[in-house]
Each structure stands twice: as C-alpha cells, then as structure tokens.
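Here is a short tour of a protein model and its ligand. Take a look at the sequence and structure first, and then we can go through some details together.

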Amino acid sequence: MPSHDVLIIGAGLAGQRAALAAAEGGATVAIMSKVHPVRSHSVAAAGGINAAINVADDWRSHAYDTVKGSDFLGDQDAIEIMCSEAPAEVMHLEHIGVAFHRNATGELDLRAFGGASMNRTAYVADITGQAILHVLYEQLMKHAHAIDRFEEWFTTSLVVEDGRVAGVVARDVRSGAMELFAAKNVILASGGAGQCFEPTTNGLICTGDGIALAYRIGAPLMDMEMVQYHPTCLPENGFLITEGARGEGAHLLNGDGERFMEKYAPNKLELASRDVVSRAEQTEINEGRGAGPRRDGIYLDITVVPRKRTLEALREIVNIGKDFAGVDITREPILIRPGQHYVMGGVKTDVNGRTPIPGLYAAGEVACVSVHGGNRLGANSLLDTLIFGRRAGEHAAARAASTRMPSPSRAYVRADESMIERIIRRPKEGARRVSEIKHELGTTMNEHVAVFRDEPGLRTALAVVHRLKAEAAVAYIDDRGTVFNQDVLAAIELGFMLDCAEAMVTAALERKESRGAQFRVDFPQRNDAQWLKHIDISRNGDGAPLVSYSAVTFTQWQPEERKY
Ligand SMILES: Cc1cc2nc3c(=O)[nH]c(=O)nc-3n(C[C@H](O)[C@H](O)[C@H](O)COP(=O)(O)OP(=O)(O)OC[C@H]3O[C@@H](n4cnc5c(N)ncnc54)[C@H](O)[C@@H]3O)c2cc1C
C-alpha cells in the first residue's frame, strides 16, 4: 500500500504549490489528480493575480479592497495574511520562471481589475493560469525524487480511523483498479463545484468532489450560499470573457446603447466588484433594456481598447469570440451575460489550511478560509490557491514529523469496489441517465440560485435537489467496462454535486438578508445586526445538512456601507 507523510488530492495551483512546499519541508509527498495535472481548471485562469508590488501600493490597501469586496464577511486575519504575503509569492513565481508581462521600462506590468483601488494585477497576456501551472509542473518534475505523482487517479473516499485522517481510496482511471493510500495528512486541493450550475465558466471536472468528500466524513462547510456570477460570459455556453477586458477599458452597454454602470457604480463603473456588476446587468435585462435579438444579454464593447493592445494582452478572448460567438471583438461588441463562475464557500479551514478533523487540510477553491466572504475580487483566487496551498503544505509536513503512519483496513477499498459494482449493475428500467439528472440540477440551480434569489425559488430548488438525490441513487450508466470508464466516475461526481448543491441552497435559504453574491429579493437589505456571521453546514447523523453559525474575524476594518 502506498504511504506518504502528505497526500494531496488535486494538482491545480493549490495542489502543486502544496506539494512543493511539503517536499521542501522534508515530507514524503504524493499528489493525485483525476486528470493530467496541467488540465486542471487553473489552466483556464486568464486575467491575472493580485499583489501590491507597485511601490505606490500597500498590502493594506489590497486587504481593505478585499474586505470591502467580501461585503465584510471575509475573515480579516486570513485576508491580512494573503495580501501581505502576496508580493513575495508573485516574485517567487517570477524567479522560478513565470514570464509575467512587463511594461516599456521593464518593470512588471499591472492591469486594472474589478473592486481594486489601483492597478495591482500581474498577468501573462490572458493565459496567466496556464503560465503559472506549467511552471509549477516543471518544478514538480524537478522534485520527482520526493513527490510521487498519481495522474489520472480518482479519489472515491477519505478514510478516517480513530477520529483522524488515515488516507484515501482511489481508482486508477486507466485500468479501473482500486487502491488504498495511507497518509498521515491529506490536503484537499480539488477545486470548485461550478458544474452544479449550467451553464458555468468552469471545466467539466469542477464537480465539488473534495467539498462533498470532506462533508461526508463530518468536516463543516462554510459560506456555501456565496456563489459568484461573473458579469461577462457567453450566453450559449457560459464561456468566460475575462475581467481583464474591462481592466483594459472595455465598456458595458445595454440594448439602448447606454453605458448603464453609471447608474449603479458612478465611481468604478465597469470595474465595480462582480456581484454589483452582475446584478446591474441582470436588472437592465429584467427591466426590458437588454441587448441582442432576444434582449436577454448585454454588450461588452472591447473596440474602445486599441486593437494592437487587444491583440497583445487579450489574445485568447479574441479567439474565443471568433470561435464560439463568431464575433471579432476588436471590431464589434460581443453579447454577454452573467454566468456562474466561482464558489466562495467550501471546506472550513484555519489560516494553515487545517480542518477540525486531525490530518485533514484543504486549500484553493475547495476551501473556505474565508478570504472571499460574500464576493471574491477578480485575480484574488490564483493568489488564494498559492498562499494557502503553500501554508497547508508547510503545516502538514511539520505535522508529519510527530505523527505515526496509519495502516488503514483494506475493508475501505472493498466498500468502494462494491459501491462501483452496484453503479455498473443498475438496471435501465424505470431509471434516468446520469447526464439527464446533471442537466436538470444545473438548469435548476441557474434558475433559482443565481443573481437574484427568493424563498419560493430556493424552496423549489431544494425540492428538486431532494428528488434528484433519490433519482441519482438508482441512475444508470451505459459503459460497464474498466478502462477509462468516465461514465462510472460521472455517476460518483453526480453524488458529490448533489451534496454541494444541497448545502448551497440550504445556506441561501438560511441567510435572510442580501450581502455580496447573495441577493434575496425578499430581504433586499444587508442586515449586520443579525447576519454578520458565517453560516456553517455539517452533515447530521441521518445525512441531512445541519446549520450553525460562526463569528467573522475582524482586525482593522469595521463594516460600512459599500459603494463603488
Ligand atoms: C475560466 C476561468 C478563468 C479564471 N480566471 C481567473 C483569474 O484570472 N484570476 C484568478 O485569480 N482566478 C481565476 N479563476 C478562478 C481560479 O482559476 C480557480 O479558482 C483556481 O484556479 C482553482 O484552483 P485549485 O487549485 O483550487 O483547483 P483546480 O485548478 O480546479 O484543480 C483541481 C484539481 O483537483 C483534481 N480533482 C478534483 N476531484 C478529484 C478527485 N475526486 N480525485 C482526484 N483528483 C481530483 C483535479 O483533477 C485537479 O487537478 C478562473 C476560473 C475560471 C473557471
């Protein structure tokens, strides 16, 4: 049985950064990913990464912008750590080979981004995530002696013995073989849960696996109601047009050709925080001022940016516009609308990535530290993955030195083998196909758990999720083989997504106010007296979500009215 001091589930930016830090801390490390590491969703990150590296900037200004962006729900101790450690982390990336864009005088160039009081987003054209992920992967290869890679291995469950983490069970996607991995520490770095929604900007692999795996063994989730809708997504498929476009100066126009953000955010206009811009767009559409043939979109006008600059700094979205919307964004506006993009919530951790279960850590989008609170600022997520990935790796390596290696029972493997056997044998009669259930989940969430929410809509969503849970338990698949059986993995992922969706809707129903990404039409005001607190969701004995609250940590910034 493979056994390691630190086993990391997920090889996006958070996982790879954690692996490198744990190896440097002297631990034996394994990193596991259900796809090849450089296909992790981090590869799609476009616009950039925030850090107060400009001499005129200060990390406290970055921290304040983040607190305000979070609508005061973010934990300020964690935000201070993230923002104060950011400049050194970005410089570290630069030193190991990330070719950040430079300005005419040869300094790192910084672009404007939403909710930021000055330009502080470092970038590599609009392929920043890809550039960083590939450089980290090179570093992983360099440490091949200390880091075992399990590429295309799918974690099916976490193993807990005597109240502490003892390892995981996983399936080799290529052969279908099941294996037990012993580990003193497990770091979840398995990314977000955007696939609970349809459409979404997120890759097909973002199915909330780690959130559900942790929840199932009793770890609490936090801020699950906070789901970010990005203001600029293609209407048909949810593809993202990076906020970098507005950072470079692009305008938003309604169907009457009006630059409507003047009404909603007179100072920051298109560069207000994402929750504010998405709500403004949806209001224009709902009130009949939408753009496009069905008046259900908004125009993003990038033609105001000099063409040469667009071709240099936004070349990927030039391609996306051409290939997926038939629009040359350098010559005409492109139709967009708000679309699901990011989950602020996740597995509740402290600033070292620790969960309340000894040996279980989480970092990156799967985790909730909470640095994003009610709304994440653009370009703060890449930063979050790296800072808290590194801190979790360092902490887990140190913990390994004083922890004995567990030897979990093989019964865990047999349990998951028979779970998979049962999925494969499910009869077609009277059952639905996994993909149909997933589609209904996604469209339901996108209808009722989106930019605007209310009690009747959320109750409908919860009822649908409950019915889909029952249907998923008997849903059938077509592929009964062992080699690259994605069908069986999709059935398991559907279970993960349904757990995540149930937690999101439960928390959204619970929070009877409007804050950040949660806008309740029936409770349109922010209510600090009653709701300036986190909602935690744990699984109770019979598998239902149990709600509790925890305090928000304040250091320097008291809540105030939020205006952009
Ligand atoms: C289109 C797009 C553009 C974005 N642009 C930006 C940007 O410009 N700036 C910014 O700050 N943020 C951006 N974001 C957000 C940011 O990219 C993500 O939040 C971040 O990259 C998540 O990184 P991660 O390491 O937590 O997870 P991911 O990169 O999603 O990696 C998850 C890993 O977990 C593995 N995994 C999952 N489940 C299992 C399982 N069951 N078994 C084994 N392995 C598993 C996957 O294989 C993968 O390796 C963007 C997001 C999207 C979707």
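How many Å separate an oxygen atom of the ligand from an N or O atom in the side chain of Ser40? In this predicted model, the answer is 2.6 Å.

| Residue | Part of the residue | Ligand atom | Distance |
|---|---|---|---|
| Ser40 | side chain | oxygen | 2.6 Å |
| Glu365 | side chain | oxygen | 2.6 Å |
| Lys34 | backbone | nitrogen | 3.0 Å |

The protein buries 98% of the 1,000 Å² that the ligand exposes when taken alone. In total, 38 residues surround the ligand, with Ser40, His41, Ser42, Glu365 and Ser381 the closest. By type, the shell holds 16 nonpolar, 18 polar and four charged residues.

Lys34 also leads us to Thr207, as their side chains make a polar contact at 3.0 Å. Thr207 sits in the loop between β9 (178–188) and α5 (209–216). Its relative accessibility is 1%, so Thr207 counts as buried. Among the residues that Thr207 touches are Gly192, Gln195, Glu493 and Phe496.

Now for a helix. The 15 residues of α13 (residues 434–448) should span 21 Å at 1.5 Å a residue, and the end C-alpha atoms are 21 Å apart, which agrees. Buried residues of α13 include Val434, Ile437, Leu441 and Met445. The buried residues of α13 pack against β11 (227–233), α14 (455–472) and α15 (486–510).

Conventions. Residues are numbered from 1 along each chain as its sequence is written. This is a predicted model: local features need pLDDT of at least 70, side-chain atom pairs count only at pLDDT 80 or more; totals for chains, interfaces and linings use all residues. Side-chain values use heavy atoms; hydrogens and water are left out. Helices (H or I, at least four residues) and strands (E, at least two) are DSSP runs, numbered from the N terminus. Buried means under 20% relative accessible area, exposed over 50%, partly exposed in between (1.4 Å probe, protein chains only). A polar contact is a pair of N or O atoms within 3.5 Å; within protein, one must be able to donate a hydrogen and the other to accept it, and residues adjacent in sequence count only if both atoms are side-chain atoms. Contact means heavy atoms within 4.5 Å. The expected span of a helix is 1.5 Å times one less than its number of residues. A residue is near a molecule or strand if one of its heavy atoms lies within 4 Å of it. Accessible areas come from the Shrake-Rupley method with a 1.4 Å probe; for residues, only the protein chains shown count as cover. Ala, Val, Leu, Ile, Met, Phe, Trp, Tyr, Cys and Pro count as nonpolar, Asp, Glu, Lys and Arg as charged, and the others, Gly among them, as polar. Lists of a residue's contacts leave out its neighbours within four places in sequence.
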